[in-house]
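Reader: Could you walk me through this structure, starting with how it was made and then going through the fold?

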Amino acid sequence: CHDRAVLLYEYVGKRIVDLQHTEVPDAYRGRGIAKHLAKAALDFVVEEDLKAHLTCWYIQKYVKENPLPQYLERLQP
């Protein structure tokens with residue numbers, strides 16, 4: 001469906017998730033929706049004690065703007 005925001009991810013190891021892509025419909029861009037997706041995904045990684053590989057440029061940007069220790073310590077190169 002074209003009216004939904006999505007965050008694509010894939011488990012690439014037993015405890016490693018690759019956050020691959022965020023997408024927000026044109027009509028909803030600029031409202032902070034991708035920011036909410038990024039935060040929710042990273043909070044999930046922390047809560048589930050996972051490691052994250054950040055393929056998505058937007059989530060990489062989010063982490064640079066919000067360099068919280070609980071996020072940084074879970075990043076996988």
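Author: What follows goes through the sheet, then the salt bridges, then a surface patch and a single glutamine.
Author: This is a predicted model, in which local features need pLDDT of at least 70 and side-chain atom pairs count only at pLDDT 80 or more, while totals for chains, interfaces and linings use all residues. Residues are numbered from 1 along each chain as its sequence is written, and side-chain values use heavy atoms, with hydrogens and water left out.

Reader: Okay, how many strands are in the sheet, and in what order?
Author: The open sheet is formed by four strands in the order S1-S2-S3-S4, with mixed pairing. Strands (E, at least two residues) and helices (H or I, at least four) are DSSP runs numbered from the N terminus, and two strands count as paired if DSSP finds at least two bridges between them.

Reader: Which strands are at the edges?
Author: S1 and S4 are the edge strands, each of them pairing on one side only.

Reader: And do S1 and S2 run parallel or antiparallel?
Author: They run antiparallel, joined by six bridges, and together they form a hairpin with four residues between them. Within this pair, Leu-7 stands opposite Thr-22 in S2.

Reader: What about S2 with S3, parallel or antiparallel?
Author: S2 and S3 pair in the parallel sense over four bridges, and there Asp-18 stands opposite His-53 in S3. S3 and S4 also pair in the parallel sense, over two bridges, and the bridge partner of His-53 in S4 is Gln-76.

Reader: Which strands does H1 touch?
Author: H1 packs on the sheet and touches S1, strand S2 (16-23) and S3, and its direction makes about 25° with that of S1. A contact here means heavy atoms within 4.5 Å, and the angle, on a scale from 0 to 180 degrees, is taken between N-to-C directions of axes fitted to C-alpha atoms, for helices over the stretch in contact.

Reader: Switching to charges, how many salt bridges are there in the whole structure?
Author: A search of the whole structure finds four, where a salt bridge is a side-chain nitrogen of Lys or Arg within 4 Å of a carboxyl oxygen of Asp or Glu. One of them joins Asp-49 to Arg-74, with the closest N and O atoms 2.8 Å apart. That pair links distant parts of the chain, 25 residues apart, with Asp-49 in the loop between helix H1 (33-47) and strand S3 (51-54), and Arg-74 in the loop between helix H3 (69-72) and strand S4 (75-76).

Reader: Is Arg-74 buried or exposed?
Author: Arg-74 is buried, at a relative accessible area of 15%, given that buried means under 20%, exposed over 50% and partly exposed in between (1.4 Å probe, protein chains only).

Reader: Where do Glu-65 and Lys-61 sit?
Author: Both are in helix H2 (residues 57-65), and because they are four residues apart, about one helical turn separates them.

Reader: Which residues make the nonpolar surface patch?
Author: Tyr-9, Tyr-11 and Phe-44 make that patch, which covers about 320 Å², and Tyr-9 lies in strand S1 (residues 6-11). Patches are made of residues with over 30% relative accessible area and no salt bridge, joining like charges within 9 Å and nonpolar side chains (Val, Leu, Ile, Met, Phe, Trp, Tyr) within 5 Å; accessible areas come from the Shrake-Rupley method with a 1.4 Å probe, and for residues only the protein chains shown count as cover.

Reader: Last one, what does Gln-60 touch?
Author: Gln-60, in helix H2, touches Leu-54 and Thr-55, not counting residues up to four places away in sequence.
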